[in-house]
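Have the structure open as you read.

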Amino acid sequence: MKGLNLIIAGVGGQGSILASHMVAMAAIRDGLRARVGETFGAAMRGGAVASHVRIGEDVNAPLVPRGGAEIVLAMEPLEGLRNVVDFMAKGGLLLTNTHEWLPVNVNIGRAKYPSREQIRDAVAKLGGKIIEIDGTSLAQQAGNVRTLNVVMLGALAATGKLPFSTETLRKVIMENVPRKTVDMNLKAFELGLKSI
Amino acid sequence: MGKSEMIIEDSPGKRVLLMGNEAIARGAIEAGVRLAAAYPGTPSSEIVETLAEAAPKLGFYVEWSTNEKVAFEVAAGAAITGVRSMTSMKNAGLNWVMDMFMTLVYGGVRGGFLIVVADDPDAHYSSNEQDTRFAAFYGEIPCLEPADAQEAKDMARYAFELSEQLELPVFLRSVTRISHASGDVELGKIERQDRKPVFDKHWKMPWRWNVYGPPSAVKKHEWLHSRMPKIKEIVEQLPWNRLEMKDGQTVGVIASGIGASYAIDAIKLLGLEGKVAFLKIGTPTPLPEKLVARLLKSVETVLVVEEGEPLVELLVKALAKDINPKVKILGKLTGEMPQVGEINIDVVANALSKIMGGEIPVDPQIEKIREEIKKLVVPRSSTLCAGCPHLGTYWALKRALATTGGKVPIVNGDIGCYEQGGYGIAGKEYKPSFSTESVRYKIDAPYETLDTNYIMGGGIGLMQGEYHAGYQDGSVVAVTGDSTFFHACLPAVVNAVYNKSKGLFIVMDNSWTAMTGHQPNPVTGITATGNETKALCIEDVAKALGVEFIKVVDPFDLKATQAAIEEGLKSEKFAIVITRRVCTLQAIRLKQYSGKKMTLEKSTCTGCRLCVSLGCPAITFNVDENKAGIDPIICVGCGICAQVCPVNAIKVGE
């Protein structure tokens, strides 16, 4: 049966919720059913955000079961790890941006940010794979750091694990980003596609 | 096609992705709603946001009201004149509404009236986890509870018809995982309901809309009771109440609302399809009692799956007493389901597998690895935004309290972005204290400023109680925001003046109801549908209410803000300090920032961390180098950190 459990994680303001909606819209357009469960913090920015995307011929609940995500797509490495721990399936994939957004807890010296090696090691121990890309730089290259979510969607499509066509996703992105930013976002999508 | 065009597209049968709140709005549009009024509250705000975008195109009325009670009354007034109307709110919003809610039902309505309440199990965005389905039970009106976005749309649409059939408001209970979840939805036809509003004070019942009008409130209560048999008959036939049962099944699941979606997926996960009887509930109150009875007569054990309190469980237990007292009813009351927090597929699967005599296999090694990795996962406290004006207000308040606040000042908060001032710092250990004297604690970041916080406008009342109790160990302070000032603080301000309370009241005016997604409010100067209107001025209102000490400052001017707060703390009379600057996210949208970023000269930085204690998320700190830094991606260049730095290491960059 065609299907995918995906979690898109990031920090509030990085566009993970819009990204999750675009994945679900593309799935529906290609004839599948979709559910998105959005978890965002109390304020608009700065908090941990995770969107659960469930695609298939028969999905009902909007939350991915524990250990059920084939892919965790992370706009920020720590947020990737936060969701990998509970949700990544055995043999799953963490596809993450490498640019760190330090939590205030780290800045005031109350906690230490995990190193890149620690994150790689954690994914390996859970039986998963990791792909790291510098999505933030690619987004800047596309013209604005705010295109990070679309860069990451490009990379996600490049994994070949999406149960719908890359072309459909591209169309959905074009229709759902602000009109003035379509070209910039298409560039971001291409940069993401070529990044892995 | 964008969402705002799609939501009003009359193309029945088209399948689109809708967020639960958008689906509810679409349902109301399909039913021909003529008026919607609400106060924003997460996770309900997108319902009226969506309707506000559609309203000018479809020609109906939408407003953001000053609070939920006013919104409810506005919608009820429309329903009395026979047009279809609705109101929506978050869980806590209903508490403001209860007075009118419990009384309106005595005479009911003429036009369809939909009340949507979005509950928040797990308190993602709320002060509590209250289950508002009890209000529908209490008010004796039908409660619809959707399992997904499709049902949310269909139920919202049907609610108007049901409301008119019963002449009663209809309650739709959403939860975070409906309102803030999206799913594929098949659109229905958009009906136009261009009815002329009419008024008849004796319509079908003398003094229909005046609860004191003869014969009496008691007679109207009797009328309300008389509706229930009809409601019960209707819910038995609704497509959202459905029993799937086969001979030989000994275990049944009764699942209400979103609980049904979790239960269906959990049954699949366990491979139990066809092995358990399944009663899906779309009306938790009143229940489809005949369907429940059929199940109770046939099985030995029932698991009740629902989000919130055990309402369905209690009602099923009451029915079982007469129908089949031997049937075991399991759920929240018996410990199979959790009594707090929210449920999910795993919670239902665990409960169900235990009942079926199995266990979900757990790999102990993986669990051990998970526990190890969790130690690396640093908590991420949510913060105020980079360049948020509240950062300046909190900095000045902290400084002013240190000089003028006395030994142990009390800072009372309420609900808005500035409530971040009371979230504490995740990962820091806070210990219970058993002191018999007042205790002062060090504040590491603005996130540790608010000592009390409960509800909208709660702080200004608490402050007066602290003062009148004779609290002498320090200043008493309350903070609020612009929208909350109008929502809930006005009677308390009058009370402070009239009953001669002392204390400092800080109003952080950023011109928008920011936390719920930047809705306009009485200081913004525009309506929900984008029309210009009179912008109210908080200092003028305070003056009119008799407040004698009023200061207005710019929170980006830290010295002036601190001075004003200190003066307010010393005031012999109730004092208001308004810290006014437009929300930074709005300022960015309006391109009021140059795009320049702050830069930090490392050679000058002494590592004192004063800038870090400002709490701005753009300010970083490298422990190895003992130097602060500025994240150029997050920084908006507001410059308040430069005012804080004692060695002038921070400057405006290029």
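**Where the chains meet**

Let's start with one residue pair: Val36(A) sits opposite Ser182(B), which belongs to strand 8 of chain B. This is a predicted model, where local features need pLDDT of at least 70, side-chain atom pairs count only at pLDDT 80 or more, and totals for chains, interfaces and linings use all residues. Residues are numbered from 1 along each chain as its sequence is written, while chains are lettered from A and ligands numbered from 1 in the order in which they are written.

**Strand pairing across the chains**
- Strand 2 of chain A and strand 8 (residues 181-186) of chain B run antiparallel, joined by three bridges (strands pair if DSSP finds at least two bridges between them).
- Helices (H or I, at least four residues) and strands (E, at least two) are DSSP runs, numbered from the N terminus.

**The wider interface**
- On chain A, 48 residues are in contact with 52 residues of chain B (C-beta atoms, placed from the backbone, within 7 Å).
- Strand 2 of chain A gives the largest share of chain A's side, seven residues.
- That side of chain A splits into 27 nonpolar, eleven polar and ten charged residues (Ala, Val, Leu, Ile, Met, Phe, Trp, Tyr, Cys and Pro are nonpolar, Asp, Glu, Lys and Arg charged, the others, Gly among them, polar).

**A helix pair in chain B**
- The crossing of helix 16 of chain B and helix 17 of chain B is left-handed (the near helix is turned anticlockwise from the far one by less than a right angle).
- Their contact includes Gly461(B) from helix 16 of chain B and Cys489(B) from helix 17 of chain B.
- By class, this contact has five nonpolar, three polar and no charged residues.

Note on methods. Contact = placed C-beta atoms within 7 Å.
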